[in-house]
Every structure is written in C-alpha cells, then in structure tokens.
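User: I'm new to this one, could you walk me through it?
Analyst: Gladly; here it is, and we can begin with the overall layout.

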Amino acid sequence: MTKIQKLIYTGRTHTTGGRAGTARSDDGQLDVKLSTPGTSVPGTNPEQLFGAGWSSCFAAAIGLAAKELKVALPGGVSVHAEIDLGTNSDGYLLAARLNVSLPGLDREVAQQLVATAHLTCPYSKATRGNIDVQITLV
C-alpha cells in the first residue's frame, strides 16, 4: 500500500440513512439527498457521485499532463463517466467507463494525454486492479 507523504486536503462528509438518506460535507458545500439507483425518488446516488469525482479529477490530470508535455489543450475538453453497479458470485461490485473528448487534438497526442492522466489521477490509481475500467478517447 502506498502512503501519503504530504497531505494536501481531507474531504469530510457525514451520511445518514444509507442509499435513501442524506450526505453533507463539514464545510456545507455539499448537501445532497440520496436515492437508490433506478428509482424515481429524488436524489443522487453514490455511483453518480463517484463518477462526478473521478471525471473531474481525470480532466484535471489531463490538464497537468498537457502542461508536462507542453501541449495546448483545446476548449471543450470533457470526460463522461459511466459507473456500473452490479453483482457476481462474490456480491456487489463496480465497473467504470470514462469517455474522454479532446476535440481538435491529434489522436496520438490525445491518447498520450489520456494514458498519462490515467497513470497520475488518484481515482485511477485507487481503482487500478480493483474494478473493470475502460477508458476511451471519443
């Protein structure tokens, strides 16, 4: 296990009621109603929150990769995350797909940025070898 040497930030949240409850951050910036996926009950779910966190982090990692490789990023960079909740004989598990759009960039350069981002993004590191992940340049 890799350990943090220099702490940058700690996000603190408190959740009550599980998938049918609420989640709030200690600073008040996050205050969401939770709901079970596939229901019509208002609220978000952990899979959506995970997708939002990972895709935003991945997009930032692309930006860092572009700076490192001296590539000017075009406008309209986006990461579309799809987080699956499923089961197998071991119980519940997740799978993920990240669809990355880098419009106007040479495909080879764009692939290099995506590969570098996947190596450096903390969410990618946390999931590597733990869940099925597909990253596609669209």
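User: What does the secondary structure of the protein chain come to?
Analyst: The protein chain has three helices and six strands, where helices (H or I, at least four residues) and strands (E, at least two) are DSSP runs numbered from the N terminus. Along the sequence the pattern reads β-β-β-α-β-β-α-α-β. Please keep in mind that this is a predicted model, in which local features need pLDDT of at least 70, side-chain atom pairs count only at pLDDT 80 or more, and totals for chains, interfaces and linings use all residues. Residues are numbered from 1 along each chain as its sequence is written, and side-chain values use heavy atoms, with hydrogens and water left out.

User: How much of the protein chain is buried?
Analyst: Buried residues account for 29% of the 138 residues, with buried meaning under 20% relative accessible area, exposed over 50% and partly exposed in between (1.4 Å probe, protein chains only).

User: Which residues of α2 are buried?
Analyst: They are A110, L113, V114, T116 and A117. These residues cover an arc of only 165° around the axis, which puts them on the same side of α2; the arc is that of the directions from the helix axis to the C-beta atoms. The face turned away from that buried side carries the exposed residues E108 and L119.

User: And what covers the buried residues of α2?
Analyst: The cover includes α1 (46–68), β5 (91–101) and β6 (132–137), judged by contact, meaning heavy atoms within 4.5 Å.

User: Since β5 came up, is N99 buried or exposed?
Analyst: N99, which lies in strand β5, counts as buried at 18% relative accessibility. Leaving aside neighbours within four places in sequence, N99 is in contact with S78, V79, H80, E82, T136 and V138. The C-alpha atoms of N99 and V79 are separated by 5.6 Å, although these two residues are 20 apart along the chain.

User: Last topic, where does K70 lie?
Analyst: K70 lies in the loop between α1 and β4 (78–88), and at 75% relative accessibility K70 counts as exposed. K70 also has a positive phi of about 55° although it is not a glycine.
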